[in-house]
Amino acid sequence: MAARPLTFVVGTGRCGSTALSEVLRLHPHLLSLSELMASLEPSALPEGPLTGEEFWEILASPPAFANRLIREGFGLPEHTYPGFGGRFSADGDGIPAVAMTTLPHLSDEPDALFDALRPVVCGRPRGPAGEHHRALFDALAERFGSRAVVERSGFSLRLVPRLREVFPEARFVHLYRDGADCALSMSRHPGFRMIQLMREGGDVPGELAALMSDESAEIKPLLTRPVPLSAFGRLWSDTVIEGLAHLDALPGELVLPLSYEALLDAPDAELTRLAAYLGVEPLSGWLAGARVLLDGGRRGSAERLPPAELAALRESCAAGVRALGV
């Protein structure tokens, strides 16, 4: 059997990529992997060979800080593991990394899917991380009858060089969104508030390090402190500029730019173009379902800001907008 086409959707995060994952999941021939790489970071793509059992440990280990965020009421919206009725709990031994988002996105019974994957992964011989990931993709694709694989993680532009190294056959979709809307969404997201705090000077990185290692350190004061919107505009802009440099280093035929706004304005045309790139048919039922999911009301949210605040935000995004050429 020929290898299934593999594509990574990359972006800044908060760029409409979660909605795109939901759309891709509707297609009967696509395996939509949501937040797999992000959930496994920083161990998603380790150097050197590892056994199947060691790879399973990466998938099954509960990320300590993510579970703590959930316990303290700052869980990320992407964390969709069942709050009630699931076997795992952030209050107990912790939710495994692969079960945070990826498995609930695929199945209403993520625990059963977790159990089914364990012997498949653990039974594999020692090999590179890429081979283990491909075997995982194939096992899931066989289970769900998928002909192509698409992984999508937020804040993933920075991963492009390593993804290219591990998966040289992969293609990339660069999903981008209006900078001001994207930055505003970042400002309301606990994960991006943490990323922004890590960029700051002073004592903030030290405070974050304390949070990571000391359960008694309080999360709320740091994650709820006022941060200017323009700081998130600069975060968006810097991420775009760095990411475009990574993508520009790839052969042009391996990168498909996709505007979130264009997806909202002309979903049938843009999804037909995307389907051809992914290697599947733009089925009419899929397009109809996608139109329901794509919420045009999310567009232009920054325009509701006070004029002076909006102007400062757009100025902080200007370098990224120029780099995108939009």
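Mentor: One label first: the crossing of α1 and α17 is right-handed, a word used when the near helix is turned clockwise from the far one by less than a right angle, with anticlockwise giving left-handed. Keep in mind that this is a predicted model, in which local features need pLDDT of at least 70, side-chain atom pairs count only at pLDDT 80 or more, and totals for chains, interfaces and linings use all residues. Residues are numbered from 1 along each chain as its sequence is written, and side-chain values use heavy atoms, leaving out hydrogens and water.

Trainee: Why is α1 called roughly antiparallel to α17?
Mentor: The axes of α1 (residues 17-26) and α17 (residues 284-293) cross at roughly 155 degrees and come within 9 Å. Angles over 145 count as roughly antiparallel, under 35 as roughly parallel, 65 to 115 as roughly perpendicular and the rest as oblique, so α1 is roughly antiparallel to α17. Axes here are lines fitted to C-alpha atoms, for helices over the stretch in contact, and angles run from 0 to 180 degrees between N-to-C directions. Helices are DSSP runs (H or I, at least four residues), as are strands (E, at least two), numbered from the N terminus.

Trainee: Which residues in α1 and α17 meet?
Mentor: Glu 22, Val 23, Leu 24 and Leu 26 of α1 meet Trp 286, Gly 289, Ala 290 and Leu 293 of α17, where contact means heavy atoms within 4.5 Å.

Trainee: What makes the pair of Tyr 81 and Phe 88 tilted?
Mentor: Their ring centres are 6.0 Å apart and their planes stand at 50 degrees. Rings of Phe, Tyr and Trp (its six-membered ring) pair if their centres lie within 6.5 Å; planes under 30 degrees apart count as stacked, over 60 as edge-to-face and the rest as tilted. The Tyr 81 and Phe 88 pair is therefore tilted.

Trainee: And why is the pair of Phe 155 and Phe 192 edge-to-face?
Mentor: With 85 degrees between the planes and 5.7 Å centre to centre, that pair is edge-to-face. Phe 155 lies in the loop between β3 (148-152) and α9 (160-166) and Phe 192 in α11 (residues 190-199), so the pair ties together parts 37 residues apart in sequence.

Trainee: How do you know that Phe 192 is buried?
Mentor: Buried means under 20% relative accessible area, exposed over 50%, partly exposed in between (1.4 Å probe, protein chains only). Phe 192 has 5% relative accessibility, so it counts as buried.

Trainee: Why is Pro 28 called partly exposed?
Mentor: Its relative accessibility is 41%, so Pro 28 counts as partly exposed.
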